[in-house]
Amino acid sequence: MTDNNNVRVAGTHFEWTPAMTVGEPTIDAQHQRLLAQLNVIMDAIINEATLEEVFAAIDFFKEYVDEHLAYEEAYMTRRGYTGIIEHEKKHQNFRDTYQSFRDKLAGGITPASLLMEMEVYLGEWWTGHILHEDKKYYLELGSAE
Ligand SMILES: [Fe+2]
């Protein structure tokens with residue numbers, strides 16, 4: 001991945017590795033997009049966040065909620081994952097957080113503050129959810145049929 005005009009600060013960008021797989025190619029690709037988004041938001045914060053960048057990040061959250069969470073839930077249902085109820089509750093937390101970001105934007109929070117909150121939340125989601133909770137279904141289900 002290359003940055004065009006943005007300053008790149010060594011060591012601050014997230015990178016995908018095969019060890020992060022959850023055994024289903026579409027979900028892995030969606031997770032890679034989330035990782036890329038973490039880097040985009042980080043660059044926006046470093047380079048003085050604009051409102052346009054906040055809107056772009058909000059759009060990403062919406063797409064993630066509408067497409068990724070629903071896709072993953074359908075996958076877990078189809079494969080008969082035993083932990084799905086608990087997992088879906090965690091997804092609901094993500095949906096609620098997305099809504100709270102929208103509310104804060106409407107309430108006039110500064111772009112830099114909101115992007116920082118998003119970066120922290122997505123970073124915690126990455127380590128706490130994708131690398132932990134999503135791994136649980138991979139451990140139970142293995143790779144997609
Ligand atoms: Fe998940």
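Student: How closely do the axes of α1 and α2 come, and at what angle do they cross?

Tutor: When you look at two helices, ask how close their axes come and what angle lies between their N-to-C directions. In this predicted model, the axes of α1 and α2 come within 11 Å and cross at roughly 160°. An angle over 145 degrees counts as roughly antiparallel, and that makes α1 roughly antiparallel to α2.

Student: Is the crossing of α1 and α2 left-handed or right-handed, and which residues make the contact?

Tutor: The crossing in which α1 passes α2 is left-handed. On the α1 side the contact is made by Thr 26, Ile 27, Gln 30, Leu 34, Gln 37, Ile 41 and Ala 44, while α2 supplies Glu 53, Ala 57, Phe 60, Tyr 64, His 68, Tyr 71, Glu 72 and Tyr 75. Sorted by class, the contact of α1 with α2 has nine nonpolar, four polar and two charged residues.

Student: What do I find if I read α1 and α4 by their axes?

Tutor: The axes of α1 and α4 come within 10 Å and cross at roughly 150°, which makes α1 roughly antiparallel to α4. The crossing of α1 and α4 is left-handed. Among the residues of α1 that make this contact are Leu 34, Leu 38, Ile 41 and Met 42, and among those of α4 are Leu 115, Met 118, Leu 122 and Trp 126. By class, the contact of α1 with α4 has 14 nonpolar, three polar and one charged residues.

Student: How do α2 and α3 run relative to each other?

Tutor: Their axes come within 11 Å and cross at roughly 165°, and α2 and α3 are therefore roughly antiparallel to each other. The crossing of α2 and α3 is left-handed. Residues of α2 including Ile 58, Phe 61, Val 65 and Leu 69 meet residues of α3 that include His 91, Phe 94, Tyr 98 and Phe 101. The classes in the contact of α2 with α3 are eleven nonpolar, three polar and five charged residues.

Student: How many residues does the largest nonpolar core have, and which have the most contacts inside it?

Tutor: To read a core, look for buried nonpolar residues that are joined to one another through C-beta atoms within 7 Å. The largest nonpolar core here has 14 residues, and those with the most contacts inside it are Ile 41, Ala 57, Leu 115 and Met 118. The elements that give two or more residues to this core are α1, α2, α3 and α4. Take Met 118 as one example: if we do not count residues up to four places away in sequence, Met 118 touches Ile 41, Ala 57 and Phe 101.

Student: Is Met 42 buried or exposed, and why?

Tutor: The general idea is to count the other C-beta atoms within 10 Å of a residue's own, and a residue is buried if there are 20 or more. Met 42, which is found in helix α1, is buried because 20 other C-beta atoms lie within 10 Å. As a separate reading of distance, Met 42 and Asp 59 are 17 residues apart along the chain, and their C-alpha atoms are separated by 16 Å.

Student: Where is Glu 48, and what is its phi?

Tutor: Glu 48 sits in the loop between α1 and α2, and although Glu 48 is not a glycine, its phi is positive, at about 65°. Glu 48 is exposed, because 9 other C-beta atoms lie within 10 Å, and a residue counts as exposed if there are 12 or fewer.

Student: Which loop holds Gly 83, and what is Gly 83 in contact with?

Tutor: Gly 83 lies in the loop between α2 and α3. With 13 C-beta neighbours inside 10 Å, Gly 83 counts as partly exposed. Leaving aside its neighbours within four places in sequence, Gly 83 is in contact with Lys 136 and Tyr 137.

Student: How should I read Asp 28 in the same way?

Tutor: Asp 28 lies in helix α1 and is partly exposed, because 17 other C-beta atoms lie within 10 Å. If we set aside neighbours within four places in sequence, Asp 28 is in contact with Thr 21 and Val 22. Asp 28 and Asp 43 are 15 residues apart along the chain, and their C-alpha atoms are separated by 23 Å.

Methods. Residues are numbered from 1 along each chain as its sequence is written. This is a predicted model: local features need pLDDT of at least 70, side-chain atom pairs count only at pLDDT 80 or more; totals for chains, interfaces and linings use all residues. Helices (H or I, at least four residues) and strands (E, at least two) are DSSP runs, numbered from the N terminus. Two residues are in contact if their C-beta atoms, placed from the backbone, lie within 7 Å. Axes are lines fitted to C-alpha atoms, for helices over the stretch in contact, and angles run from 0 to 180 degrees between N-to-C directions. Angles under 35 degrees count as roughly parallel, over 145 as roughly antiparallel, 65 to 115 as roughly perpendicular and the rest as oblique. A crossing is left-handed if the near helix is turned anticlockwise from the far one by less than a right angle, and right-handed if clockwise. Ala, Val, Leu, Ile, Met, Phe, Trp, Tyr, Cys and Pro count as nonpolar, Asp, Glu, Lys and Arg as charged, and the others, Gly among them, as polar.
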